[in-house]
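Colleague: I am new to this structure and would like to learn how to read its features. Could we take them in turn?

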Amino acid sequence: MKKSEAVLERPSSAMSLVTMKALVYHGPGRRAWEDKPLPCVQKPTDAVVRVTTTTICGTDLHILKGDVPTVTNGRILGHEGVGIVEEIGPGVTRVKKGDKVLISCITSCGTCPFCKKGMYSHCEDGGWILGHLIDGTQAEYVRIPHADTSLYVLPAAADEAAMAMLSDIFPTGFECGVINGQVKPGDTVAIVGAGPIGLAALLTAQFYSPSEIVMIDPDENRLEVAKSLGATRTVKAVGEDAVRAVMTLTNNAGVDVAIEAVGVPATFDVCQGVVGPGGRIANIGVHGKSVELHLERLWSHNITLTTRLVDTVTTPMLLKLALSGRLQPLKLVTHRFRLDEAMKAYDTFGSAARERALKVVLKNA
Ligand code: ZN
Ligand code: ZN
């Protein structure tokens, strides 16, 4: 019996007797590819999705380092992916069995006060819970709460690897970096960090025709990629050297928008150092430590500082652009594995500089 048949034959409320394979967190530094019970519909608004494509995020590496203590032993990781709806609860009306769907990294009920404000990241019964507070997508199957508002139906022919880039990194780079940074035509933009998120910000910033996009990173390979994706200048430096280089490039004017796409004090400092009068610092990075806010310099410079957890409110718009080919998410995919090679995929993604890895895609054949 195929697993998919087993799911359909099993009463939704029954304890699962059938198992699947999943990438499971077992405390800092410990992960395993192991058997877990098949998920089932627990609430009327749930769907169970057979994961066909997933990917690994920098956030998963943070979890494995022990930086996210709310992730507990035994949790299936992953908050990105594409799949086929296997089972829906009786309260699900917009997605149906057999639909190919994009799984949003943010779960939203659609009706609570935060969802009504478009702030899905703070949904009272959702937010970032996948692969965090509930089991995630690096598995053969995943339970998605509030399926109607947390899944996006895709055309059957949509490229799954490209679509999986829209679960998290593109909305994150766009909403937290480009929209919050208010990138406008003619602006000069500096992006600190040329990883997948920084590169997603680079690609989506170009919707607004900035005059210059300066990409800052110590990794030569990533800067080469950034150039091929539209960076007008690159700075291979960190810290004060990076600030000096950007100030030279801008004739000491500084930039209109400084996007922080790493999440450590040193890269936040670069943003504070390069932002010009009237400029915006848009933070994307996940910070685990305090930064020093240089208000003694910034107070008189009309600076806006923004923070945001991605809401994924722009997902429908990004989907249109990706499906039409105007946005090409596949440019960030460097490695492909089978889902059952998840352990190896983590090794590769964890050595990103050496492996020249950006996004690694895992396909459940
Ligand atoms: Zn992520
Ligand atoms: Zn909500």
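Colleague: How many bridges join strand E11 to strand E12, and do the two run parallel or antiparallel?

Modeller: This is a predicted model. Strand E11 covers residues 255-260 and strand E12 covers residues 275-283; the two run parallel and are joined by five bridges. Within this pair, Val257 has Arg280 of E12 as its bridge partner.

Colleague: What is the order of the strands in the sheet?

Modeller: The order is E10-E9-E8-E11-E12-E13, an open sheet of six strands with parallel pairing. Its edges are strand E10 (233-235) and strand E13 (304-306), each of which pairs on one side only. From one strand to the next, the twist averages 15°.

Colleague: Which strands does helix H7 touch?

Modeller: Helix H7 (residues 196-205) packs on the sheet and touches strand E8 (188-192), strand E9 (212-216) and E11. The direction of H7 makes about 165° with that of E8.

Colleague: And where does helix H10 lie?

Modeller: Helix H10, residues 265-274, lies across E8, E9, E11 and E12. H10 runs at about 175° to E11.

Colleague: How far apart are Leu61 and Phe349 in sequence and in space?

Modeller: They are 288 residues apart in sequence, and 8.7 Å apart in space, C-alpha to C-alpha.

Technical notes:
Residues numbered from 1 in each chain as written. Chains lettered and ligands numbered in written order. Predicted model: local features only at pLDDT ≥ 70, side-chain atom pairs only at ≥ 80, totals over all residues. Pairing = 2+ DSSP bridges. Helix = DSSP H or I, 4+ residues; strand = E, 2+ residues; numbered from the N terminus. Axes fitted to C-alpha atoms, helices over the stretch in contact; angles between N-to-C directions. Contact = placed C-beta atoms within 7 Å.
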